[in-house]
Amino acid sequence: IIQNKILGTHIKFLITGGASISKDTMKLINGLGYELHNGFGMTEIGITSVDLSKDVKTRNSGSIGKPLFDVTYKIENNELLINSLYIHKYRIINKQCVAPLIDENGFFHSEDIASVDENGNYYLLGKMKDVIIASNGENIYTEQEEKLFDNLTRVNDLIIVANKNEEICLLLNVDYPLMDNEKDVIANQISKINDTLKDAFKVKHVYIKKEKLIRNASLKLKRNEIRQLFLSDSYHLQELDKKIEFKFDNVSTNELTKVREIIFDIFSDVLYVDKKDIALESHIIKDLNGDSFSYMSIV
């Protein structure tokens, strides 16, 4: 009955590819009875893998499967590398023939971030160019983190970007106008998601944008263009004027004070800084002259 109201009952097989996909999307389409399989391919190399499992749990995991016959995958520095007979010969850019991104071992560099499980199934995590380096040196895969905020109230579209201070910012395209109580709802939803994230991954600023976010002909976000407009202050943005809370559930003020003193002692010992010069919002590198080695010592 439901299928008759959507796409009918004749569809037997669906395939998705080209970017990492939300597990919720996989669950929704498969749950409607449309058999959705996830794969990987690029214009430069064709299709190189598809998860063809009949087990719906496996399909819902979002795996792109294992490489097809005569295709080899490997991961180096989190990037998916592909060896295949079917890599393009060259591209024409500005009337010049440009060779493919192939290393000395014959592997094509996809510029996609991937992981592999113990069964040899591969998963896409995002694009190398869309990774944000957090204040603690960790990689933030923006596409993965954006999926956490997919179900915010009255939000049509969103993107995560870093500001000039390398803080995580969330740009929201919303239905206008937003009432104050609706802003409260959105702020509370973001706060709850923030509570599940490590500090470096938490959203520090939220901006509302009335106009739609820029997408290309394939409906993918033009991330570089959006990022440049954001950093150049060319976007007309309204900051969500509701405070995004960072909560410590079931912890008393006295306990927090004790823990803070212990942490300040550690910072002082490692960084050779007087405790009175350390504030809760101090940045290890920018404010306290630390580096990645001192960060590891603190940890």
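The chain exposes about 18400 Å², and carbon and sulfur atoms supply 53% of it; accessible areas come from the Shrake-Rupley method with a 1.4 Å probe, and for residues only the protein chains shown count as cover. This is a predicted model, in which local features need pLDDT of at least 70, side-chain atom pairs count only at pLDDT 80 or more, and totals for chains, interfaces and linings use all residues. Residues are numbered from 1 along each chain as its sequence is written, and side-chain values use heavy atoms, with hydrogens and water left out.

**The whole chain**

Begin with the C-alpha trace, which spans about 65 × 55 × 45 Å along its principal axes. A cartoon view shows 8 helices and 15 strands; these are DSSP runs numbered from the N terminus, helices being H or I of at least four residues and strands E of at least two. Of the 299 residues, 38% are buried, a term for under 20% relative accessible area (1.4 Å probe, protein chains only).

**Ser49**

Select Ser49, which lies in strand E3. Ser49 counts as buried because its relative accessibility is 0%. Its side chain forms a polar contact of 2.8 Å with that of Tyr73. Such a contact is a pair of N or O atoms within 3.5 Å; within protein, one must be able to donate a hydrogen and the other to accept it, and residues adjacent in sequence count only if both atoms are side-chain atoms.

**Asp51**

Next, select Asp51 in the loop between strand E3 (46-50) and helix H3 (56-60). Asp51 is buried yet has no salt bridge, and the nearest side chain of opposite charge, Arg59, is 6.1 Å away. A salt bridge requires a side-chain nitrogen of Lys or Arg within 4 Å of a carboxyl oxygen of Asp or Glu. The Asp51 side chain does reach the backbone nitrogen of Ser53, at 3.4 Å. Beyond four places in sequence, Asp51 touches several residues, including His37, Asn38 and Thr58; contact means heavy atoms within 4.5 Å.

**Asn38**

Finally, move to Asn38 in strand E2 (residues 36-42). Asn38 is buried, with a relative accessible area of 3%. A polar atom of its side chain lies 2.7 Å from the backbone oxygen of Gly62. Among the residues in contact with Asn38, leaving aside neighbours within four places in sequence, are Thr16, Met26, Val50, Asp51 and Ile64.

Terms used:
Buried < 20%, exposed > 50% of the residue type's maximum accessible area, 1.4 Å probe, protein only. Lys, Arg positive; Asp, Glu negative; His and termini not counted.
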